[in-house]
Amino acid sequence: MAAAVEMEKEEESPMKKGEEALERLRSADPPLYLTQSSEFARDARAASCFLFSSLVPFCTKLPVDRLLVEGFDAEQIWYQIDLLSRPLLSTVRREFKRLEEEHHSRAGLSTIDADGDGEEMVVEKDEISVDDEGDEEDGDESEEKGSEDEEDGEEDDEDDGEADEEEEEEEEAGEAKGNVVEDKFLKMQDLENYLENAEAKEYGHPVKKGSGRKEKDDDTEEEEDDMDLEDFDSDGDEDAELGANARYEDFFGGNKKKQQKKCGTVGKRKRSSTELDAVDHFENTDEDVEKNDSEQKLLSTHEKELQKMRSKIEEMEKANLDPKSWTMQGEVTAAKRPKNSALEVDLDFEHNVRPAPVITEEVTASLEDIIKKRIIEGHFDDVERAPILPSKPPKETKEMDENKSKKGLAEIYEEEYAQKTGLAPALLSASDKLKTEATMLFKKISLKLDALSHFHFAPKPVIEDMSIQVNVPALAMEEVAPLAVSDAAMLAPEEIFHGKGNIKEEAELTKEERKRRRANQKRRFRRLKAETFKRAVQKTGQSAVPGATNEKPDS
Amino acid sequence: MLKRNTRLRMEYLYRKSLEGKEREYYEKKRKIREALEEGKPIPTELRNEEAALRQEIDLEDEYTAVQKTHIDDEYATASEKDPKILLTTSREPSQRLGQFVKVCFCTLPIVIFHLELKLVFPNAARMNRGSQVISEIIEFCRAHEYTDVIFVHEHRGEPDNLVICHLPFGPTAFFELLNVVTRHDIKDKKAMGTMSEAYPHLILDNFSSKLGQRTANILKHLFPVPKPETKRIITFANKSDYISFRHHVYEKHGGPKSVELKEVGPRFELRLYQIILGTVDQQNEAQKEWVLRPYMNTAKKQNVLGA
């Protein structure tokens with residue numbers, strides 16, 4: 001027991017110490033802040049620890065669950081506090097606005113109190129705004145005051161939150177009544193409020209704010225980490241918004257937030273820590289809000305279409321960015337597409353070829369008709385034989401001689417036998433003559449051609465003649481000599497020599513033979529002379545030389 | 001033998017190359033002849049050459065007046081000699097044979113078709129391809145004086161291609177076969193009876209363009225000269241570049257005007273896709289007379305073989 005008590009005391013003592021420190025700080029004079037006293041500093045640290053730990057439950061996502069003070073710099077401590085305070089500030093501001101609006105909607109119930117509260121809230125807000133400015137300038141001390149004020153503000157929020165719950169309960173009840181007429185657009189409560197406001201304006205009454213101004217929350221929620229001061233909505237602003245810039249959100253945005261708040265408030269009822277869930281909710285970004293909406297499926301058709309469009313657009317954009325499938329690329333080789341993929345795709349070709357004819361009965365019938373027609377006509381396309389050129393000469397027709405032959409049969413046989421054996425020369429008939437002549441000519445020509453064209457020369461054919469050749473040398477008949485040798489060379493010298501007897505040279509002659517030759521010469525000479533004289537006498541008729549008579553000279 | 005063949009081929013090619021000039025010449029002479037016959041003035045562009053050409057015209061006889069083309073060279077002996085055809089298939093035509101017996105072998109459509117084609121063409125000899133090279137086959141044919149070789153190709157047993165090669169350096173025509181119906185399929189063997197093997201009459205319908213005439217020529221010269229009174233008819237009918245082959249036997253029962261046709265023999269569609277001026281083994285080197293162009297934008301509108 002004692003230990004437990006001691007434990008409790010120990011637990012409480014840091015808290016108490018912190019509180020005491022805070023009290024001391026509060027009561028201290030301002031000049032004391034400026035002095036450098038370690039005691040004061042210790043107090044300040046303790047107080048800040050206490051405040052920090054008291055605020056921790058209202059804030060999630062904190063890296064530290066208590067303020068680390070020992071051995072840390074002023075800057076570091078300040079940073080830790082900052083980590084806690086920033087989100088808290090924004091949530092607190094939101095809560096203020098919400099409460100303010102809801103507070104004003106409860107016009108008929110407790111106007112005076114609400115107004116009073118509202119004024120208080122306004123005052124407190126102003127204080128906070130002033131404090132915010134102060135925090136930026138000073139150190140830890142001012143921050144503590146700001147956090148202190150936050151705490152106060154939160155306490156107020158708690159109260160207002162409860163009041164809100166009551167409000168919303170009333171509103172729900174009201175809605176259940178007028179369900180037949182009402183829908184998203186038309187709400188009886190809103191209509192009444194509006195009418196009252198209009199009357200009030202007309203007649204100069206103070207205007208009560210109706211529901212449906214929730215759009216401000218949307219706008220403000222979007223500005224999350226803003227340290228700037230926001231202009232809290234005044235009446236004039238609201239009217240301007242309605243009249244000039246009526247938007248979709250004016251009509252439907254409120255529904256979203258309202259529903260969300262319902263959830264939020266439901267959550268609040270369930271949980272003991274009131275602000276935490278609201279904070280959680282309002283810390284969500286717009287995307288989360290949208291997600292919640294899509295899950296709830298209470299969108300209008302237009303919004304649904306928009307969503308579809310958006311998703312389609314996203315898909316298409318994604319498809320455009322991705323590389324195309326192989327079928328959509330231009331010329332694709334086999335290497336660029338997966339194996340056997342061309343078999344799976346239904347390839348479409350334009351065939352420029354006429355398809356093969358299908359043989360129907362009609363076709364065969366038409367063919368047969370053509371055939372029949374042709375047969376009847378007898379018109380066929382057969383191969384025809386060409387007429388052959390006459391290449392042989394016309395045959396000789398031997399005419400029969402009808403006269404009786406003069407020779408007897410025996411004689412005819414005799415002649416034939418003689419021809420065959422070669423005893424009698426063959427008789428040449430006219431045609432035979434021509435033939436032989438022709439063959440002779442031809443043989444000559446062919447001999448010449450052969451001489452021109454063949455390497456092996458065929459000699460002249462031997463023509464056997466029976467004629468006698470005078471000057472053929474005896475040897476030629478027997479001897480086979482080359483033709484290049486002429487006949488002249490073949491004759492022996494004696495056969496060529498025409499002279500007679502024994503021929504002797506001058507040197508070889510004897511004396512008597514010389515005398516005899518001379519005497520012969522003289523006689524020959526004289527004779528010649530006498531003959532020429534005689535002729536000359538005969539020509540002239542007289543003897544020209546006197547003393548010369550016609551006597552014969554001595555022989 | 002080889003040298004001789006090459007020499008002949010060179011001569012053929014040379015004469016073919018001269019055709020251009022000869023054609024011009026021929027055209028000029030023809031114009032002059034026409035002008036003279038009709039009594040019109042000679043066209044002005046021929047005035048300079050008119051005298052020389054006129055001389056030549058006078059010297060011409062019926063054989064030299066007509067322009068000789070390489071086609072005439074190719075089919076010069078066709079009218080004198082009967083064509084002798086060798087039928088064969090692509091290599092190893094029955095790849096799904098496996099352990100099948102010969103009977104089963106015979107029931108494959110390609111082989112059946114092959115057998116039937118042999119009956120269609122008179123003077124045809126069938127040869128099993130085995131693993132012979134094309135050039136060997138051509139040499140063999142040249143040695144044995146065949147005028148044409150026909151290859152039948154197949155895809156998974158179904159005949160799909162026909163190559164008709166005319167032999168002494170003649171043209172080769174490549175056809176695609178479609179809608180093949182063999183005799184086997186039409187009716188039972190017993191109902192059909194044996195096929196008549198007389199030399200048939202030919203009908204070549206709607207081959208009106210120049211290329212059509214050329215194809216008609218190629219197809220015509222596969223068949224010998226028939227007797228005028230045969231009852232067997234083979235039809236090649238062209239309709240928008242698809243040539244239908246039909247084989248009928250006819251009878252004239254009730255007088256000259258009534259004809260009864262009885263279909264006999266295989267039926268298929270041919271589609272020409274190439275003609276080359278050479279034999280099959282010169283497929284890469286020889287000049288292509290005509291090639292099908294199916295990817296042209298106007299391919300659908302064209303009727304190449306006529307009408």
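# Exercises on a two-chain model

Chain B and chain A bury about 3100 Å² between them, and 60% of that area is on carbon and sulfur atoms. The model is a predicted one. Work through the exercises below with the structure in view.

**Exercise 1. The contact between the chains**

Find how many residues each chain gives to the contact, and which elements of chain B take part.

Solution. 
- Step 1: Start with the residues. Chain B gives 45 and chain A gives 26.
- Step 2: Look for charge pairs. The rule finds one salt bridge across the interface of chain B and chain A.
- Step 3: Name the pair. A:Arg385 bridges to B:Asp82, with the closest N and O atoms 3.3 Å apart.
- Step 4: Turn to polar contacts. Between chain B and chain A, 13 residue pairs are in polar contact, both residues at pLDDT 80 or more.
- Step 5: List the elements of chain B that give two or more residues to the side touching chain A. They are strand 5 (172–181), strand 6 (201–205), strand 7 (232–239), strand 8 (242–251), strand 9 (260–263) and strand 10 (267–277).
- Step 6: Sort the residues on that side of chain B. There are 20 nonpolar, 11 polar and 14 charged.

**Exercise 2. The make-up of chain A**

How many helices and strands does chain A have?

Solution. 
- Step 1: Count the elements. Chain A has 21 helices and zero strands.
- Step 2: Check burial. Of the 555 residues in chain A, 23% are buried.
- Step 3: Check the reach of contacts. Take those in chain A between residues at least 6 apart in sequence; 60% of them join residues at least 24 apart.

**Exercise 3. Salt bridges within chains**

Is A:Asp43 buried or exposed, and which residue does A:Asp43 pair with?

Solution. 
- Step 1: Over all chains, the structure holds 23 salt bridges.
- Step 2: Find the partner. A:Asp43 pairs with A:Arg24, and their closest N and O atoms are 2.4 Å apart.
- Step 3: A:Arg24 sits in helix 1 (residues 2–27) of chain A and A:Asp43 in helix 3 (residues 38–55), so the pair links distant parts of the chain, 19 residues apart.
- Step 4: Apply the cut-off. Buried means under 20% relative accessible area. A:Asp43 has 12% relative accessibility, so A:Asp43 is buried. A:Arg24 has 41%, so A:Arg24 is partly exposed.
- Step 5: A:Arg374 and A:Asp381 form a salt bridge, with 3.1 Å between the closest N and O atoms. A:Arg374 is buried because its relative accessibility is 11%. A:Asp381, at 18%, is buried too.
- Step 6: Move to chain B. Shared partners join the salt bridges of B:Lys29, B:Arg33, B:Glu56 and B:Glu60 into one network.

**Exercise 4. The cores and a buried serine**

Which residues touch the most other members of the largest nonpolar core?

Solution. 
- Step 1: Open the largest core, which has 39 residues. B:Phe121, B:Leu162, B:Phe175 and B:Phe236 touch the most other members.
- Step 2: Follow B:Phe121. Beyond neighbours within four places in sequence, B:Phe121 contacts B:Ile85, B:Ile150, B:Leu222 and B:Phe223.
- Step 3: Find the second, separate core. This one has 14 residues, including B:Leu86, B:Ile138, B:Tyr146 and B:Val163.
- Step 4: Finish in chain A with A:Ser90, in helix 4 (residues 74–105). A:Ser90 counts as buried because its relative accessibility is 11%. A polar atom of the A:Ser90 side chain lies 2.7 Å from the backbone oxygen of A:Pro87.

Definitions and conventions
Residues numbered from 1 in each chain as written. Chains lettered and ligands numbered in written order. Predicted model: local features only at pLDDT ≥ 70, side-chain atom pairs only at ≥ 80, totals over all residues. Heavy atoms only, no water. Helix = DSSP H or I, 4+ residues; strand = E, 2+ residues; numbered from the N terminus. Buried < 20%, exposed > 50% of the residue type's maximum accessible area, 1.4 Å probe, protein only. Polar contact = N/O pair within 3.5 Å; in protein donor to acceptor, adjacent residues only side chain to side chain. Core = buried A, V, L, I, M, F, W, Y, C linked by side-chain atoms within 4.5 Å. Contact = heavy atoms within 4.5 Å. Buried area = accessible area lost by both parts, 1.4 Å probe. Salt bridge = Lys/Arg side-chain N within 4 Å of Asp/Glu carboxyl O. Nonpolar A, V, L, I, M, F, W, Y, C, P; charged D, E, K, R; others polar.
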